[in-house]
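Colleague: I have a few minutes before my next run. Can we go through this model together?

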Amino acid sequence: MFNSPDSIHFDTRGILWIQTDGKTSNSGDFAGMGNNQMLAADTNTGEIRRFMVGPNECEITGLTWSPDQRTMFVGIQHPGDEGGSHFPEGGEAVPRSCVIAVWRDDGGTIG
């Protein structure tokens, strides 16, 4: 289950990547939605899998890949918008937006 798909991208294999920017209250109509996330949808089978979940009160945005498809770059925007996160440093640090890099330990392509 996910809400407010805000950004979609196809990779070179036809996987549809869905990034969400839903309300972070997790209550009322948004109960059970949890944090925003990025999902991967196989357009041939219709299967959708969660790839990553963002920190509290953030939007997952800005997906791109390195030319060799071995590193994925993902934006984490406005974490802790309502005071519920100290991403990326933790502790009592002021939350900050950033771009993270994701890669496989075995050097393979992402997906």
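Modeller: Start with S3 and S4: they run antiparallel and are joined by five bridges. Strands here are DSSP runs (E, at least two residues), with helices (H or I, at least four) found likewise, numbered from the N terminus. Two strands pair if DSSP finds at least two bridges between them.

Colleague: Which residue stands opposite Ile48 in S4?

Modeller: Ala41 stands opposite Ile48.

Colleague: Before I go on, what kind of model is this?

Modeller: This is a predicted model, in which local features need pLDDT of at least 70 and side-chain atom pairs count only at pLDDT 80 or more, while totals for chains, interfaces and linings use all residues. Residues are numbered from 1 along each chain as its sequence is written, and side-chain values use heavy atoms, with hydrogens and water left out.

Colleague: OK. What is the strand order in the open sheet of four strands?

Modeller: The order is S1-S2-S3-S4, with antiparallel pairing. Strand S1 (5-10) and strand S4 (48-53) stand at the edges with a single partner strand each, so one side of each has no neighbour in the sheet. From one strand to the next, the twist averages 25 degrees, taken between N-to-C directions on a 0 to 180 degrees scale, with axes fitted to C-alpha atoms (for helices, over the stretch in contact).

Colleague: Gln19 next. Buried or exposed?

Modeller: Gln19 is buried, because its relative accessibility is 0%. Buried means under 20% relative accessible area, exposed over 50%, and partly exposed in between (1.4 Å probe, protein chains only). Gln19 is in strand S2.

Colleague: What does Gln19 touch?

Modeller: Leaving out residues up to four places away in sequence, its contacts include Asp6, His9, Met38, Ile60 and Val74. Contact means heavy atoms within 4.5 Å.

Colleague: Last one: where is Ser66?

Modeller: Ser66 is in the loop between S5 and S6. Ser66 counts as buried because its relative accessibility is 12%. Its side chain reaches the backbone nitrogen of Arg70 at 3.5 Å. Ser66 also touches Thr71 and Phe73, with residues up to four places away in sequence not counted.

Note on methods:
A polar contact is a pair of N or O atoms within 3.5 Å; within protein, one must be able to donate a hydrogen and the other to accept it, and residues adjacent in sequence count only if both atoms are side-chain atoms.
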